[in-house]
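I opened this notebook to record what I looked up in one structure. The entries follow in the order in which I made them.

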Amino acid sequence: MQNKPKKFIDFIITQKCTYNCEYCSQSKLQTKIKNNADKKTVNAFFNLIKKLENDWEITITGGEAILHPDFYEIISEIKKLNFKINLITNLSFDIKIYEKIFKLLSDNLNRYDISFHLDEIENFNTTIEKLENFIKLKPKNTKTVFLIPIYKLDKIKEEKINTIINIAKKYNINYDFQHIHYFDKYKNLSLLDKNYIKNKKPKKTFSTLCSAGKNSLVIYEDGEAYRCYSSRFLKSNSLGNIKNKNFKLIDKAIPCTLKYCTCPKPRLYQQIQSTKKPINAYLYSIKNIFYLPYMIIKKREIIIAKLKQMIN
Ligand code: SF4
Ligand code: SF4
């Protein structure tokens, strides 16, 4: 029997980051824009979540969410509304910053995940020391998962990955390898990279019914809301801007319009159903064709950046 889908909102409150990863999956590189969510967008976000039951998990992310000038106010307000809060960090801040967050959120801090961007970490040994402190200081019930992007691995990076895995095992923490998905690059990966993600070939999901957009939402710093991270490149998947009074979540599962699903979270949170409806897939293909010219004009920066990534 399928588990009940878990509901979540990811709110990207800033595109600013302390790192500059070549493969940034949070769209910073794709949009060139490095803005913070302004007051109007943050207010619209609160108006939206106030209408939801508090079984929705709220993830505040970026970029590096801590860089948003109102980061502490935003997370405190979510706590007041009694939602579970998830955060994610690249661990580039002083441990005192993390301690402050732990104290502020305490039991409302459901998850605090750490992503390890090996090309960007300046001093790996210091980061590992900080990591151990982070684990010891975090609230007892706060889960953490180590996320390790797999990107152009070599022997030195492999050694670092082994160190991270050993820490994960020492503290009984889950870890996950992330495939940097850009189009169908799985077949072009090096053997070393493939060793780490051998079971994670991107799944073909076009026409599969998916309740992302009904039970989950990804909101960008400008208020544009999408069903999932992958769908942000197709206007037909946009649910509009949360600052628009008429904004609403979709009310039923609809077919996926993308060839591949590159979103781990909707899969983990049971948003994706197995049923495929060919007639719906056909209708959505037509819809996408009509949206394509609009998308090319509106999102041309994204498309240019994507094309550059394909060439590189
Ligand atoms: S740490 Fe994350 S958000 Fe920052 S540049 Fe790297 S992938 Fe992007
Ligand atoms: S199947 Fe994946 S890519 Fe498609 S809509 Fe759902 S979450 Fe997004």
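The entries below go from the whole chain to single residues.

**Entry 1. Basis.** I note that this is a predicted model, in which local features need pLDDT of at least 70, side-chain atom pairs count only at pLDDT 80 or more, and totals for chains, interfaces and linings use all residues. Residues are numbered from 1 along each chain as its sequence is written, while chains are lettered from A and ligands numbered from 1 in the order in which they are written.

**Entry 2. The chain as a whole.** I looked up the secondary structure and found 10 helices and 14 strands in the protein chain. Helices (H or I, at least four residues) and strands (E, at least two) are DSSP runs, numbered from the N terminus. The protein chain has 312 residues, and 31% of them count as buried. For burial I count other C-beta atoms, placed from the backbone, within 10 Å of a residue's own: 20 or more make it buried, 12 or fewer exposed, and anything in between partly exposed. Among contacts with a separation of 6 or more, 77% join residues 24 or more positions apart. A contact here is a pair of residues whose C-beta atoms, placed from the backbone, lie within 7 Å.

**Entry 3. Nonpolar cores.** Which residues have the most contacts inside the largest nonpolar core? They are Phe-11, Ile-60, Ile-85 and Ile-219, in a core of 46 residues. Apart from this core lies another, of seven residues, including Phe-116, Ile-148, Ile-150 and Ile-164. A nonpolar core is a set of buried Ala, Val, Leu, Ile, Met, Phe, Trp, Tyr and Cys residues joined through C-beta atoms within 7 Å. In soluble globular proteins, nonpolar side chains tend to be buried together. I then followed Phe-11: leaving out residues up to four places away in sequence, Phe-11 touches Phe-45, Ile-58, Thr-59, Ile-60 and Ile-219.

**Entry 4. The ligand surroundings.** I listed the residues around each ligand, taking a residue as near if its C-beta atom, placed from the backbone, lies within 6 Å. Around ligand 1 there are 14 residues, and Cys-17, Tyr-19, Cys-21, Cys-24 and Asn-90 come nearest. By class, the shell of ligand 1 holds four nonpolar, eight polar and two charged residues. Ligand 2 is surrounded by 15 residues, with Cys-210, Cys-228, Cys-256, Cys-261 and Pro-266 the closest. Its shell divides into nine nonpolar, five polar and one charged. In this scheme Ala, Val, Leu, Ile, Met, Phe, Trp, Tyr, Cys and Pro count as nonpolar, Asp, Glu, Lys and Arg as charged, and the others, Gly among them, as polar.

**Entry 5. Strand β5 and its partners.** I examined strand β5 (residues 145-150), which has a covered face of Phe-146, Ile-148 and Ile-150 and an uncovered one of Val-145, Leu-147 and Pro-149. Strands β4 and β5 run parallel and are joined by two bridges; strands pair if DSSP finds at least two bridges between them. Ser-115 stands opposite Leu-147 in β5. From β4 the chain passes through helix α5 (residues 124-137) to β5, in a right-handed β-α-β crossover. Right-handed means that, with the strands pointing away from the viewer, the path from the first strand over the helix to the second runs clockwise.

With strand β6 (residues 174-179), β5 pairs in the parallel sense over six bridges. In β6, Asp-176 is the bridge partner of Leu-147, and His-179 that of Ile-150. The crossover from β5 through helix α6 (residues 155-170) to β6 is right-handed.

**Entry 6. Lys-160.** Lys-160 is found in helix α6. Is Lys-160 partly exposed or buried? Lys-160 counts as partly exposed, because 17 C-beta neighbours lie inside 10 Å. Beyond residues up to four places away, Lys-160 touches Leu-118 and Phe-124.

**Entry 7. Positive phi values.** Leu-91, in the loop between β3 (84-89) and α4 (95-105), has a phi near 65 degrees, a positive value in a residue other than glycine. Ser-106 also is not a glycine, and its phi is positive at about 35 degrees; this residue lies in the loop between α4 and β4 (109-115).

**Entry 8. Gly-240.** Gly-240 lies in strand β11 (residues 238-241). Leaving aside neighbours within four places in sequence, Gly-240 is in contact with Ala-225 and Phe-247. Gly-240 and Ala-225 are 15 residues apart in sequence and 5.8 Å apart in space, C-alpha to C-alpha.

Technical notes. Two residues are in contact if their C-beta atoms, placed from the backbone, lie within 7 Å.
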